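Work through the exercises below with the structure open. Each task is followed by a solution in steps.

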Amino acid sequence: MPNAISGFSKLSKSEKIDWLIDTYFSDKEAARNLVEQYWNTDETIQKLHDEFIENTITNYYLPLGVAPNFLINQKLYTIPMAIEESSVVAAASKAAKFWLDRGGFNAEIISTEKIGQVHFTYDGDFKALKSFFENVKPKLIEDTKDITKNMERRGGGILDIELRPKTEDLEYYYQLHATFETLDAMGANFINSCLEQFAKTFQQEAEHKLEGQLDIVMSILSNYVPNCLVRAEVSCPIEDLKSKDISSPSLFAQKFKQAINIAEIEPYRAVTHNKGIMNGIDAVVLATGNDFRAVEAGVHAYAAKEGSYKSLTHCSIEDGVFKFWIEIPLALGTVGGLTTLHPLVKFALDMLENPSAKELMQIVAVAGLAQNFAAVKSLTTTGIQEGHMKMHLLNILNQFGATTTEKEKLIEHFKTHIVTHSAVVEAIEKIRR
Ligand code: MEV
């Protein structure tokens, strides 16, 4: 076991790498080469990456792919996706093309409210706290003026602050529950700064105007944003679903709807179903420099809002019309954060013609819906492995160090044969014999 190291963050980048290589790697040259291979030769770009986080030693690349032909509210988009899973971009592109020929996707913003809370304890009388809060509320807002003035000039800011007693769930526990409109910013820094100022004012005022002990526990935004909602939808007459791989549209529609019904009542299926949705959502969220952990946490909480974990997509068949939709909370930004810092994020946003946060919410929701459509379509028709393994073929070939000629031959061969790991291994061995 290596010794603990103190002052690591103060070492230079090359000292950090030296320590790491000396401590953990037997083939020191190979390890050093790898770290260096992934450096960016452009010093400005590398410095930018070095400074995103602490202790950067190199870069960790993900492929950036694009899915063209997304018609959303009658506007055509090519959607950027950063993801490592082989079949995701192909599936998104296929679903985009399928719906392009059937009128495209419609998306609408339902709400854009963000939330933050100051959590505190108080051991006195609730009535006194309530009246103290009502008196101090204008000052809470007034004291954040320096933080909010720019946001307010653009039309956003603090929407409201509520006092919420939580003592039935936890002794002495209360919250200031605040709501915000942060426009094109995701708003985390704005919200957290406002909350910390609320906490400071609240505590100071309580010291001489409130009997009983009031202690701030913490101030932080919530990544659960059930009132920052977007809805995306596709629909068409059932007979229009007919395509190369859908010979019986009505059978397909019924089976598809049944698969969605299952994900609405069965958590084991719902989790995988929603994971497929997040394949599309996370890839766009990441490519556009947004916080996919925040989105994931909020989305899954929303999926469980009725007390059991459910599908985020829904399907109906009425009057001969097939309708498939998603309703999802997404707190996204198109200004601030990585959006101006990371050159590829800027590139991705340029590709989307610099959308507002609302437009990006719609694009991301559509990416999730399209991904889910592709997955459920495969699952209820051919099965998932056919398409998935076709895309995974190159990964297996690379794993076995296949040359370009070997790859060409085997890709041709597997156009007419089922791809399984063992079938690929066998085929490689055969052509190498
Ligand atoms: C794989 O990444 C995603 C799927 O499992 C989603 C689903 O089952 O709906 C194919």
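**Exercise 1: a sheet and its helices**

The model is a predicted one.

Solution. 

Step 1. Strand 4 (residues 114–122) and strand 6 (residues 173–181) run antiparallel and are joined by eight bridges. Phe120 has Tyr174 in strand 6 as its bridge partner.

**Exercise 2: strand 8 and its neighbours**

Task: state which strands pair with strand 8, and whether strand 8 is mostly covered or uncovered.

Solution. 

Step 1. The open sheet of four strands with the order 3-8-10-9 is paired in the antiparallel sense. Its edge strands are strand 3 and strand 9 (313–318), each of which pairs on one side only. From one strand to the next, the twist averages 20°.

Step 2. Strand 8 pairs with strand 3 (residues 106–109) over four bridges. Across this pairing, Asn106 stands opposite Glu233 in strand 8.

Step 3. Strand 8 also pairs with strand 10 (residues 321–329), over nine bridges. Val230 has Ile328 in strand 10 as its bridge partner, and Val234 stands opposite Phe324 in strand 10.

Step 4. Helix 8 (residues 249–265) packs on the sheet and touches strand 9 and strand 10, its direction making about 140° with that of strand 9. Helix 13 (residues 357–380) packs on the sheet as well, touching strand 3, strand 8, strand 9 and strand 10. The direction of helix 13 makes about 50° with that of strand 8.

Step 5. Strand 8 (residues 229–237) is mostly covered, since seven of its nine residues are buried.

**Exercise 3: a hairpin and a surface patch**

Task: locate the residue with a positive phi in the hairpin of strand 1 and strand 2, then classify Tyr61 as buried, partly exposed or exposed.

Solution. 

Step 1. Strand 1 (64–72) and strand 2 (residues 75–82) run antiparallel, joined by seven bridges. Ala67 stands opposite Ile79 in strand 2.

Step 2. Two residues lie between the strands of this hairpin, and Asn73 takes a positive phi near 50°.

Step 3. Tyr61 sits in the loop between helix 3 (43–52) and strand 1. Buried means under 20% relative accessible area and exposed means over 50%. Tyr61 counts as partly exposed because its relative accessibility is 45%.

Step 4. Together with Leu34 and Tyr38, Tyr61 forms a nonpolar patch on the surface, with about 310 Å² of accessible area in total.

**Exercise 4: the chain as a whole**

Task: how many helices and strands does the protein chain have, and what percentage of its residues count as buried?

Solution. 

Step 1. The protein chain has 16 helices and 10 strands.

Step 2. Of its 433 residues, 43% count as buried.

Methods
Residues numbered from 1 in each chain as written. Predicted model: local features only at pLDDT ≥ 70, side-chain atom pairs only at ≥ 80, totals over all residues. Heavy atoms only, no water. Buried < 20%, exposed > 50% of the residue type's maximum accessible area, 1.4 Å probe, protein only. Pairing = 2+ DSSP bridges. Patch = residues over 30% accessible without salt bridge, like charges linked within 9 Å, V, L, I, M, F, W, Y side chains within 5 Å. Areas by Shrake-Rupley, 256 points an atom, 1.4 Å probe, with all protein chains shown as cover. Salt bridge = Lys/Arg side-chain N within 4 Å of Asp/Glu carboxyl O. Axes fitted to C-alpha atoms, helices over the stretch in contact; angles between N-to-C directions. Contact = heavy atoms within 4.5 Å.
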